[in-house]
Amino acid sequence: METVSENRAFGGVQGVYKHTSAVTGTDMTFSVYVPEHDAGAKLPVVWYLSGLTCTHANVTEKGDYRRLCAELGLIFVAPDTSPRGEGVADDPDGAYDFGLGAGFYVDATQPPFAQHYRMWSYITQDLPALVASHFPADMDRQSIMGHSMGGHGALTIGLTFPDRFKAVSAFAPIVAPSQVPWGQKALGGYLGDDRAAWRQHDAVALIEDGARIADLLVDQGTADNFLEPQLKPDLLRAACDAAGIPLTLHLREGYDHSYYFISTFMEDHLRWHGARLI
């Protein structure tokens, strides 16, 4: 693992690191904030999955999480959103919602994406092993959150591994990718035309198929341009109601899809996670 940068912040260390992933076959960059802690202590880990076009840098620079992580004693890990580098396939038309920066947290099965686009395995296996071996992480106390495409990833991973992640939350998530244009393009392009294969990467479908978690927190801005065509939180509300999953869904008046929105409510989410990671 290569250290790209490390900076002191709120008594802890904000680092950016790079490693060669055997899962994606590429170099991957990620950020980790480790708060100040006693020697030998193990700290709970919050995973943050970013949205379309983003890298680790968006939340690292704009997320306003370090003060709360220092207060609550939480390690904060922010991976990239796709493999990158020479030879990594991209959308042939250069669209922002597929290919580079848009891995959708799945393991692609369709060429040419299957060779490198294995973000599900990277997030659930490869990077956790690296974090466990290089940082003071208590891997028995993990939680996961994300934004937009990363909210989709946080929901689907959290629903798939309910015993691993003690808390799950999301900002403006794509809750039912099988039913919206972003998700239909991505799941079809990465996984093929068999919609049955999409269901394990669709939060609403997972809940319909029996996946359960203790509770869920979602924040959604009412001025978000993507609210109706892509996000559709009411579908998640209906699925949770039918399944008996307690959902706290905040519709934030006047807030959009940006990091101005995320940074405003990051404290609420970290306190939610902190209370469940004790």
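This report describes the sheet, the helices packed on it, the nonpolar core and the salt bridges of a predicted model.

## The central sheet

The model contains an open sheet of nine strands, with mixed pairing and the order β1-β2-β3-β5-β4-β6-β7-β8-β9. Strands β1 (2–9) and β9 (247–252) stand at the edges; each has a single partner strand, so one side of each is left without a neighbour in the sheet. From one strand to the next, the twist averages 20 degrees.

Strands of a sheet pair through backbone hydrogen bonds, in either a parallel or an antiparallel sense. Strand β8 (residues 216–221) pairs with β9 in the parallel sense, over six bridges. Within this part of the sheet, D219 stands opposite H250 in β9.

## Strand β4 and its partners

Strand β4 (43–49) is mostly covered, since seven of its seven residues are buried. It pairs in the parallel sense with β6 over six bridges, and L43 stands opposite A137 in β6. The pairing of β4 with β5 is also parallel and runs over three bridges. Here V46 has F76 in β5 as its bridge partner.

## The nonpolar core

The largest nonpolar core has 85 residues, of which Y48, F76, Y190, M266 and L270 touch the most other members. Helix α3 gives the most to this core, with seven residues.

Apart from residues up to four places away in sequence, Y48 touches a list of residues that includes V59, F76, V77, M145, F171, Y259, I262 and M266. Two of these contacts, F76 and M266, are themselves named among the residues that touch the most other members of the core.

## A buried serine in a loop

S178 lies in the loop between β7 (165–171) and α5 (181–191). Is this residue, S178, buried or exposed? Its relative accessible area is 14%, and because buried means under 20%, S178 counts as buried. Leaving aside neighbours within four places in sequence, S178 is in contact with Q184, L187, R195, W198 and D202.

## Salt bridges

Side chains of opposite charge can pair when their charged atoms come close. In this model the count comes to 16 salt bridges. One of them joins E36 and R8, with the closest N and O atoms 3.9 Å apart. This pair links distant parts of the chain, as E36 is in the loop between β3 and β4 while R8 is in strand β1, 28 residues apart. Both partners lie at the surface in terms of accessibility: E36 counts as exposed at 57%, and R8 is exposed at 61%.

A further salt bridge is formed by the side chains of R141 and D138, at 2.8 Å from N to O. In this pair R141 is partly exposed, at 24% relative accessibility, whereas D138 is buried, at 17%. The side chains of R199 and D209 also meet in a salt bridge, at 2.8 Å from N to O. R199 lies in the loop between α5 and α6 (203–208) and D209 in the loop between α6 and β8, so the pair ties together parts that are ten residues apart in sequence. R199 is partly exposed, at 31% relative accessibility. Finally, R67, E71, E267 and R271 are linked in a network of salt bridges.

Definitions and conventions: Residues numbered from 1 in each chain as written. Predicted model: local features only at pLDDT ≥ 70, side-chain atom pairs only at ≥ 80, totals over all residues. Heavy atoms only, no water. Pairing = 2+ DSSP bridges. Helix = DSSP H or I, 4+ residues; strand = E, 2+ residues; numbered from the N terminus. Axes fitted to C-alpha atoms, helices over the stretch in contact; angles between N-to-C directions. Contact = heavy atoms within 4.5 Å. Buried < 20%, exposed > 50% of the residue type's maximum accessible area, 1.4 Å probe, protein only. Core = buried A, V, L, I, M, F, W, Y, C linked by side-chain atoms within 4.5 Å. Salt bridge = Lys/Arg side-chain N within 4 Å of Asp/Glu carboxyl O.
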